[in-house]
Each structure stands twice: as C-alpha cells, then as structure tokens.
Amino acid sequence: QDTRLVVQNALLFAAQWDSPFTAESTQQEDFTLAGGKTVKADLMHDTRSIPHATGKGWAAVRLAYASGEDGRDSDLALDVVLPDAGTLPSAMDAGTWAEASKALDKAQAKEVRLALPKLDLTSYPKELLEFVQEQGLKTAGLDKIAPLLELTQVVQQVRLILDEEGTVAAALSEAKVGIGAAPGQEPPPEPITFTVDHPYVLRLRDLTSGTALLEAAVMDPTVKEIGDPA
C-alpha cells in the first residue's frame, strides 16, 4: 500500500560469435572451485586469433560477435578475465576488470588455444538497496519526481546463457519508490593456452562507449540457479 512508484530497467542481449565453437569440440573437464574441490564442466575448445593481454595476477582474452545484417562490424565483445590459479575474483582489486578491458582495447591478436565453459545460469531476485546506499546513492529526498518519495527497494535478476553459438544475456533491475602468414620460412609461434578451469570474470562490453553491459564473476559454471528462491 505504501508503494507509489516502480521503475524498471531491462537489458536483453542475444548475439552469435563471430567464429562459433563446434559442438564436437566441447568436452567435460575438471573445473576447480574456490575451496579446491573439482567439478566436471562442459568446456568449449578452439584455436583462434584473438586479442590477448596479461597483467598483475590475471590474463584475458576478447571474443567478438558476428556482424549485423547491415554488414557493419559488431561494436560488442565479451572479455574473459582469468585470475591466476589459486586467486579468487573477490581477492582482486576492484579496478582489475576495467584494467583488463583497457589492456584488451590495445592488444594485438594472437593465436590462442582457448577452453571456455558453457553457462546456463539464472539468478533469483537479489536485493541491492544496501549496496547502492554504500555506493553513495541517497535513497531519500526524491522530491524532483514527487513529494515525500523514498527509495525502499532495489532488486535485480539475471539470466545468462553462453554456448557454442553465442551469448544470451538478460537483466531486469527494479527500484521501488515509497590471422597473418609468418615471414620467410619460420614456423608460426606456438598458440597461447587459455584454459578457463577455475573462477573467472565475464564482461559483456559496448566497445564504442566502453560501457560494461553485464559483468559476472563465475565461481561454478555447472550451477543452474543462484540466490534464494524465497
């Protein structure tokens, strides 16, 4: 009865990879969880020429999405940031992920032997009011919208699918108010191995603006649902 206004923001993203993985290359392999336990995860495999960068405690690659119907190159990409083995994403500095994306902006393409987990993840609604307050958002005094308004609830729910064909990502936030040839005869360099077999971070980015549309720390790619259903 006290609710006077509800504001929603929805994000829906669906795109194919510029170079899809093949289903035949997907294999179940060990993925090491935070506590050291291993689970069997479906890892997609391919060797491709993609941007690759490294930094203090991490390595990263960028996967491109297919061009649009108008033939223009996609301005969207997925950055995959892998902390060193034994380091959890939560232990890294908060600016690590943006730093990795900036490094990939400048990185040249290299031959990378890639192994990336498939995902099909749904989160239950998560309350974010305390988080946004910690970021400095004032929840009272919204008089420019209407008198005596106060932000009383902020909830977000996410769906993320990542497979051989591409990516589907959807997020609903609701606020309640009350390749080149080698020169000469030299053999090509050995591909860089980038195996995502422990907790990592995904950043779905708009390369034109540099905005991260969705960011996720994946602790266990075999989990289908996260959060409290209640």
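A salt bridge here means a side-chain nitrogen of Lys or Arg within 4 Å of a carboxyl oxygen of Asp or Glu. R203 lies in strand β12 (residues 200-206) and E215 in strand β13, so the pair ties together parts that are twelve residues apart in sequence. Strands are DSSP runs of E with at least two residues, numbered from the N terminus.

A word on the source. This is a predicted model, where local features need pLDDT of at least 70 and side-chain atom pairs count only at pLDDT 80 or more, while totals for chains, interfaces and linings use all residues. Residues are numbered from 1 along each chain as its sequence is written, and side-chain values use heavy atoms, with hydrogens and water left out.

Back to the pair. Are R203 and E215 buried, exposed or partly exposed? R203 is buried, at a relative accessible area of 9%, whereas E215 is partly exposed at 43%. The cut-offs are under 20% relative accessible area for buried, over 50% for exposed, and partly exposed in between, using a 1.4 Å probe and protein chains only.

How many salt bridges does a search of the whole structure find? The count is ten. Another one joins R205 and D79, at 3.7 Å from N to O, and both of these residues are buried. R205 and D79 also belong to a network with R62 and D105, joined by salt bridges that share partners.

A further salt bridge links R48 to D46, with the closest N and O atoms 2.8 Å apart. R48 is buried at 10% relative accessibility, and D46 is partly exposed at 25%. R48 has a second contact: its charged end sits over the ring of F21, 4.3 Å from the ring centre. For that, CZ of Arg or NZ of Lys must be within 6 Å of the ring centre and within 35 degrees of the ring normal.

The whole structure has four aromatic pairs. Rings of Phe, Tyr and Trp (its six-membered ring) pair if their centres lie within 6.5 Å; planes under 30 degrees apart are stacked, over 60 edge-to-face, and the rest tilted. The centres of the F13 and Y65 rings are 5.1 Å apart and their planes are at 70°, so this pair is edge-to-face. F13 is in strand β1 and Y65 in the loop between β4 (58-64) and β5 (76-83), so the pair ties together parts 52 residues apart in sequence. F13 is buried at 6%, and Y65 is buried at 3%. For F31 and Y200, the ring centres are 6.3 Å apart and the planes at 65°, so that pair is edge-to-face too. F31 and Y200 are both buried. Ring pairs also link F13, W17, F21 and Y65 into a cluster.

Last, the largest pocket. A pocket is an open set of points on a 1 Å grid over the protein atoms alone, where a 1.4 Å probe fits, with protein on both sides within 12 Å along at least five of seven lines; lining residues have an atom within 4 Å of a point. The lining has 30 residues, and E215, from our opening pair, is one of those nearest the centre, with K126, Q156, V158 and I226. β13 gives the largest share of the lining, six residues.

Definitions and conventions: Helix = DSSP H or I, 4+ residues; strand = E, 2+ residues; numbered from the N terminus.
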